[in-house]
Amino acid sequence: MTDITLQNFESELLQASMQQPVLLDIWAPWCGPCRTLGPMLDKLEVAYAGRFKLAKLNSDDQPEIATQLSQAFGVRSIPFCVMFVGGQPVDGFVGALPEAQIREFLDRHVPTGEALEAEEDLAEAQALMEEGDSEAALQKLHAAVQADPSNETARFDLVRALLEADLLDDAKAAFAPVAAQAADTITPHARFAALTVWITAAERAAQGMDPAGLQAAIAANKRDFDARFTLAQGLLAGRDFTGAMDELLEIIMRDKTWNDQLARKTYVAILELMTKPPAAHAAAAENKAGLQLAGPSAVASADPLLDQYRRKLSMALF
């Protein structure tokens with residue numbers, strides 16, 4: 001449990017909630033229901049074993065924070081509890097509720113034990129990837145997906161790692177649950193749609209292709225888009241992302257609408273594969289309650305290579 005003040009509001013509440021949900025208990029020494037609720041929340045923090053963090057704010061000592069949160073939620077009484085997730089206040093409740101109702105509230109926002117286990121495995125896998133131990137990372141990614149099949153980041157990283165290891169059949173098996181869901185989705189998840197493009201390219205490469213023959217065909221006819229697209233698929237399958245985009249760009253510049261804009265769609269998918277997911281830091285300086293207790297976060301620099309290829313696509317299209 002942490003006591004929140006103006007000095008630690010950003011670090012111990014906003015920034016902390018980027019890592020795990022934080023429940024803020026707004027109370028006062030003179031409040032009878034607060035004395036009932038406080039010990040119950042202490043007990044639940046222990047019972048949930050790290051799945052959320054409890055923070056407390058004495059409204060008498062910290063009236064500025066208490067007033068802004070109360071106004072944001074239209075609440076005028078205490079105890080008042082606010083759940084912070086991802087640097088934002090997302091939900092709350094008023095009064096000393098029974099334990100069962102508080103558990104229901106927590107379960108709407110707090111990850112399950114399985115989800116927490118998957119996140120730990122995922123973090124270890126990412127660290128192992130950075131160390132170059134891809135085999136151990138794969139084991140951790142498999143464990144993460146097994147612990148929490150709904151963890152999209154773990155599944156994406158697993159499929160990607162399998163494709164990078166040229167384990168196409170394993171990648172397709174790991175991707176199958178997502179592929180089944182995507183069939184019923186009008187707008188598929190961009191990152192998973194990009195994996196579909198990569199898997200399709202890997203399947204085409206597995207059938208066998210003659211890069212030299214394809215290049216000869218292109219040299220003889222710059223508008224042999226079928227040969228150029230096949231060559232791009234081979235480059236994508238071999239993880240030469242920029243080489244694949246260079247070939248696709250040649251198609252786009254000559255015929256933007258070729259094959260229902262297949263070249264453009266594939267190019268965009270490769271950009272998605274090259275894009276790192278956003279870091280969990282941007283929301284802490286500005287949140288829904290209007291509490292701006294720090295300056296705006298610095299914007300992370302963009303990837304120059306990605307910017308270059310986005311500009312190339314934009315110039316070819318417009």
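Student: What is the accessible surface of the chain, and what percentage of it belongs to carbon and sulfur atoms?

Tutor: Please keep in mind that this is a predicted model, and that the values discussed here are computed from it. The accessible surface of the chain comes to about 16400 Å². Of that area, the part that belongs to carbon and sulfur atoms is 52%.

Student: How many cavities of 30 Å³ or more does a search of the whole structure find, and which helix gives the most to the lining of the largest cavity?

Tutor: The search finds one such cavity, and its volume is about 30 Å³. Helices α11 (225–237), α12 (241–254) and α13 (258–274) each supply at least two residues of its lining. With three residues, the helix that gives the most is α11.

Student: How do the residues of that lining divide into nonpolar, polar and charged?

Tutor: The lining of the largest cavity consists of Ala-201, Ala-232, Gln-233, Leu-236, Ala-244, Leu-248, Thr-266 and Ile-270. By residue class, they divide into six nonpolar, two polar and no charged.

Student: Is Asn-151 buried or exposed?

Tutor: Asn-151 sits in the loop between α6 (134–147) and α7 (152–164), and, leaving aside residues up to four places away in sequence, it touches Ala-118, Glu-119 and Leu-122. Its relative accessible area is 7%, and a residue counts as buried when that value is under 20%. Because 7% falls under that cut-off, Asn-151 is buried.

Technical notes:
Residues are numbered from 1 along each chain as its sequence is written. This is a predicted model: local features need pLDDT of at least 70, side-chain atom pairs count only at pLDDT 80 or more; totals for chains, interfaces and linings use all residues. Side-chain values use heavy atoms; hydrogens and water are left out. On a 1 Å grid over the protein atoms alone, a cavity is a set of points where a 1.4 Å probe fits but cannot get out, and a pocket is an open set with protein on both sides within 12 Å along at least five of seven lines; lining residues have an atom within 4 Å of a point. Grid points are joined across faces, edges and corners, and a volume is the space filled by probe spheres set on the points. Helices (H or I, at least four residues) and strands (E, at least two) are DSSP runs, numbered from the N terminus. Ala, Val, Leu, Ile, Met, Phe, Trp, Tyr, Cys and Pro count as nonpolar, Asp, Glu, Lys and Arg as charged, and the others, Gly among them, as polar. Buried means under 20% relative accessible area, exposed over 50%, partly exposed in between (1.4 Å probe, protein chains only). Contact means heavy atoms within 4.5 Å. Accessible areas come from the Shrake-Rupley method with a 1.4 Å probe; for residues, only the protein chains shown count as cover.
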